[in-house]
Amino acid sequence: MRTTAESVTGLIETAEPIELSLVVPLFNEEESVRPLIERICVAMDNYAATWELILVDDGSTDATIANAREALNRPGLDLKIVALQRNFGQTAAMQAGINQAEGRLIATLDGDLQNDPKDIPGMVAELERRELDLLVGWRKNRQDGLLLRKVPSFIANRLIGRITGVRLHDYGCSLKIYRGSVIKQVKLMGEMHRFIPAWVAGVVPSSRIGEMPVTHHARQHGVSKYGISRTFRVILDLLSVMFFMRFKARPGHFFGSLGLGLGALSAIILFYLFIDKFVMGNDIGTRPLFLIGVMLFLSAVQMITTGIIAEMIARTYYRDDNSLSYIVREVYEGDAAHQ
């Protein structure tokens, strides 16, 4: 029995830790998943360190999982397939893959074959050379429509960079390399995956975030999951990012500042009406300015109390925040499926 224990211990000690985890969210990509795996294997064939591939199926309704499982026993491929219970969105799927990743470094890319896995080894080397915590791909020669994709993306990138202070050419590129210890400090929610550099900037200095030109291919199979309506969602999400970056830990300052400003304006109006009523002897009961002063006062009280409630919620959030934005149905490794 002792000999067996010693042999098991020896195997554990000699097991080489995973250097790089590749995380790929998938949703209805049955035609793309086989060539995707093949391209990744070819691209990583000469990669000197250990790596793993994590495919996250975001509630696909086609044969995406079935086609992906064909590669589970492929020689030389450390593959894990995480099947979510339903469609939670790309951000939640990305978070699920990051949580499953064991690598010191984590790479993310889309599953539609538009990102080129051949860029990954070079990006890893560049991240290490520049001592960065996040390296973002820049689709310099983007193979997308001009009016519906390129122009809105250009405007959004400039706007995001100006507001967040993290100036990049391409926020929307999913091909990114992270240090695992850094990205696991960031909790992704909603549809915030396109703002990951801004969230990372809340954990590390923006000087440790860089970008690198990468190859971009036109979509070959399936249909795009994005349309022009995404532009409006990006604007709303950007407002949320701006608020969280500046007031996440102190929301009371945001609402309190608005409340104090409205309260000061209300005080000026009501003081003027007080003088007008009791010194000048004029009737103020039917004047619109009196109603405006009262409404501003009530709004100020509401903003200040909202700030207090927001502070209480924020403290509760930081004290107990273990909730997940997704539910895993099964995890496939080799021939086994785990609940």
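1. Ile 81 has its place in strand β3, which covers residues 79–84, and it should be kept in mind throughout that the model is a predicted one. With a relative accessibility of 2%, Ile 81 counts as buried, because the cut-off for that class is under 20%.

2. Setting aside residues up to four places away in sequence, Ile 81 touches Leu 55, Ala 68, Arg 69, Leu 72, Glu 330, Val 331 and Tyr 332. As for Leu 53, its C-alpha is 8.4 Å from that of Ile 81, while the two residues are 28 apart in sequence.

3. Turning to the charged side chains, the structure holds 13 salt bridges. One of them joins Glu 19 and Arg 104, with an N to O distance of 2.4 Å. This pair links distant parts of the chain, since Glu 19 sits in the loop between α1 (2–14) and β1 (20–26) and Arg 104 in the loop between α4 (90–100) and β4 (105–108), 85 residues apart. Arg 104 is classed as partly exposed, at 37% relative accessibility.

4. A salt bridge is also formed by Asp 133 and Arg 208, whose closest N and O atoms are 2.5 Å apart. Here too distant parts of the chain are linked, with Asp 133 in the loop between α5 (119–130) and β5 (134–138) and Arg 208 in the loop between α8 (196–200) and β7 (209–213), 75 residues apart. Asp 133 is buried at 6% relative accessibility, whereas Arg 208, at 29%, is partly exposed.

5. In the salt bridge between Asp 170 and Arg 139, the N to O distance is 2.7 Å. Asp 170 belongs to the loop between α6 (146–164) and β6 (176–179) and Arg 139 to the loop between β5 and α6, so the pair ties together parts that are 31 residues apart in sequence. Both Asp 170 and Arg 139 are buried.

6. On the cysteines, a search of the whole structure finds zero disulfides. Cys 41 is buried, with a relative accessible area of 13%, and Cys 173 is likewise counted as buried, at 0% relative accessibility.

Notes: Residues are numbered from 1 along each chain as its sequence is written. This is a predicted model: local features need pLDDT of at least 70, side-chain atom pairs count only at pLDDT 80 or more; totals for chains, interfaces and linings use all residues. Side-chain values use heavy atoms; hydrogens and water are left out. A salt bridge is a side-chain nitrogen of Lys or Arg within 4 Å of a carboxyl oxygen of Asp or Glu. Helices (H or I, at least four residues) and strands (E, at least two) are DSSP runs, numbered from the N terminus. Buried means under 20% relative accessible area, exposed over 50%, partly exposed in between (1.4 Å probe, protein chains only). A disulfide is a pair of cysteine sulfur atoms within 2.5 Å. Contact means heavy atoms within 4.5 Å.
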